[in-house]
Amino acid sequence: MEGETTARSDAAGTKLPWVDVAKGLGILLVALGHLTSGDGEGVWLPALDELHYALYLFHMPLFFFLGGVVLHVRGRDFGSFARRRARGLLVPYYAFSLYYLLKPVALALAPSLGESLAVEGTQDLATSAFDVLVMGEGLWFLWAYFWGQLLAFLVLRALAGPDDEGAGERGHVLACALVGVLLVLASQLWWTVGPEVKLPLCLLRGMEAGGYILLGVALREALARVPRWALVPLALALAVALGLVAHRVMPDLYVTQEYVALFPDGESPALSLAVLQAALMLLLALAGTLAVAFLSLALGECGPLRELGRRSLVLYALSAPSMNLCKLLLFSLAGVDLHDAPFAAQLGVGVLLALASVLVLVPVERLIRRHLPFLLGRRRER
C-alpha cells in the first residue's frame with residue numbers, strides 16, 4: 001500500500017494519480033468488509049451479507065494488482081529492495097497487529113471478563129500470539145504483500161535475463177501474465193485439493209500476492225491505452241458481470257482469511273473441477289479489480305480519494321478497530337436497529353459507516369506519520 005510499493009514514489013504519492021485513487025476506493029471497500037462480525041456475519045446489517053462476500057472476491061487482490069502497476073525492478077538491487085520492503089511492511093505489521101492480541105490479553109488477565117461480556121470461543125493467549133506473531137494472521141496482507149513483492153521481483157529479473165534488466169517489464173508481458181496466473185491458481189489449488197497445511201508468515205498468500213502483482217505488471221501498459229470514453233462503460237460492465245456471477249455462486253462460496261473458494265455440496269472437488277473453479281475465482285477477482293481500475297482512471301486526479309490512497313497503509317491497519325468503534329456507537333450505544341430495514345437503507349448506512357470509520361483515521365494517520373514514524377518503519381523527519 002501507499003509509498004512502499006515503488007521507489008518511484010514520493011511524499012505526493014505515486015506518479016500515476018489514478019493508482020492512489022484506486023487505493024482510496026479500495027480502502028473504502030475494506031471498511032465495508034469490516035461491517036461484518038469477526039465470523040463474517042452481518043449481525044447488524046444482514047441484507048449486505050452477499051455484498052460482503054462479493055467484496056472478498058477482489059478487494060485485497062486489487063491492492064496486490066496495483067502494487068504491480070507501480071513496480072519497477074530495472075537497475076535495482078534485490079537486497080536493498082528486500083530491506084526497504086521489510087521496513088515498510090513488516091515493521092507496521094508487528095506494530096499494528098498487536099491490536100489482535102488485546103482481547104486474549106484482557107481475558108488472560110481477567111477471565112471473569114469473558115463471562116460478563118458473553119465472549120465465547122476466544123483462543124487462549126498463547127495460541128493467539130502464535131497465530132499473530134508466527135503465522136501472520138494479524139494484518140495478513142502486509143506479510144503476503146512482502147513475499148509477493150519479493151517473488152515478483154525475482155520473476156521479473158528471471159524473465160529479463162542477465163543482459164537486459166528491463167526486458168522482463170517490456171518484452172515479456174505474456175510470460176509475466178502466465179506466471180502470474182499460474183501462481184494464483186497454484187495458491188488456490190493448495191487450499192482446495194492440496195494438503196491441509198498452513199505455512200507460517202502467510203507464505204501461501206504471498207504466492208497468490210505475487211501472482212496478482214505480476215498481472216499488474218503485465219497489464220499496466222494495456223490499461224494506459226484504454227480510451228477515456230470507454231472507461232466508465234467497461235467499469236460498469238465488469239461490475240455487473242461480477243455481481244451476476246457472484247450471486248449465482250454465492251451458495252457454494254467458502255470464505256476464510258486464507259482463501260475464497262467454491263465448494264459445491266460442501267466437499268472438496270476433483271482436481272479438474274478444482275482447476276476450473278480456481279480459474280473462475282481468478283476471473284472474478286480480475287473483474288472487480290479492473291472495474292475499480294477503470295473507474296479510477298476515469299476519475300483521474302480525484303483529490304479526496306487520492307488522499308485516502310496515499311494514507312492507505314495506516315487506514316488499512318486501523319480499519320477494523322475504527323469500524324468496531326463506529327458500530328459500537330451506532331448499534332450498541334445509540335441503539336439503532338436496522339436488522340429488518342430494506343436493502344437500500346442498510347446499504348446507505350453501511351456506506352456512511354465506512355466513510356466515517358475511514359475519515360476519523362485521517363488525523364490519526366497524520367499524527368503517526370509526523371510523531372510516530374517508527375510505526376511505519378521510517379525515521380522522524382527533521
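Hi everyone, let me start with a definition: a residue is buried if its relative accessible area is under 20%, exposed if over 50%, and partly exposed in between, using a 1.4 Å probe and counting protein chains only. With that rule, 49% of the 382 residues in this chain count as buried.

A word on where this comes from. This is a predicted model, where local features need pLDDT of at least 70, side-chain atom pairs count only at pLDDT 80 or more, and totals for chains, interfaces and linings use all residues. Residues are numbered from 1 along each chain as its sequence is written, and side-chain values use heavy atoms, with hydrogens and water left out.

Now the overall picture. The chain has 18 helices and two strands; these are DSSP runs numbered from the N terminus, with helices being H or I of at least four residues and strands being E of at least two. A contact means heavy atoms within 4.5 Å. Among contacts in the chain with a separation of 6 or more, 80% come from residues 24 or more positions apart.

Let's zoom in on helix α7, residues 125-133. Which residues of α7 are buried? They are Ser 128, Ala 129, Asp 131 and Val 132. Seen down the helix axis, these buried residues fall within an arc of 165°, so they line one face of α7. That arc is taken from the directions from the helix axis to the C-beta atoms. Here is a handy general rule: an α-helix has 3.6 residues a turn, so residues three or four places apart point the same way. And what covers the buried residues of α7? The cover includes α4 (78-96) and α5 (102-109).

Val 134 is partly exposed, at 33% relative accessible area. Together with Leu 98, Phe 130 and Leu 133, Val 134 makes a nonpolar surface patch of about 330 Å². Patch members have over 30% relative accessible area and no salt bridge; nonpolar side chains (Val, Leu, Ile, Met, Phe, Trp, Tyr) are joined within 5 Å, and like charges within 9 Å.

Back to α4 for a moment, where Arg 87 sits. Arg 87 is partly exposed, with 45% relative accessibility. Leaving aside neighbours within four places in sequence, Arg 87 is in contact with Pro 92, Leu 376 and Gly 377.

On to salt bridges, where a side-chain nitrogen of Lys or Arg lies within 4 Å of a carboxyl oxygen of Asp or Glu. How many are there by this rule? The count is eight. One of them joins Asp 20 and Arg 306, with the closest N and O atoms 3.4 Å apart. Asp 20 is in helix α1 (residues 17-33) and Arg 306 in helix α14 (residues 303-310), so this pair ties together parts 286 residues apart in sequence. Asp 20 is buried at 1% relative accessibility, and Arg 306 is buried at 17%. Arg 306 also forms a salt bridge with Glu 301, at 3.8 Å between the closest N and O atoms; Glu 301 is exposed, at 61%.

Definitions and conventions
Accessible areas come from the Shrake-Rupley method with a 1.4 Å probe; for residues, only the protein chains shown count as cover.
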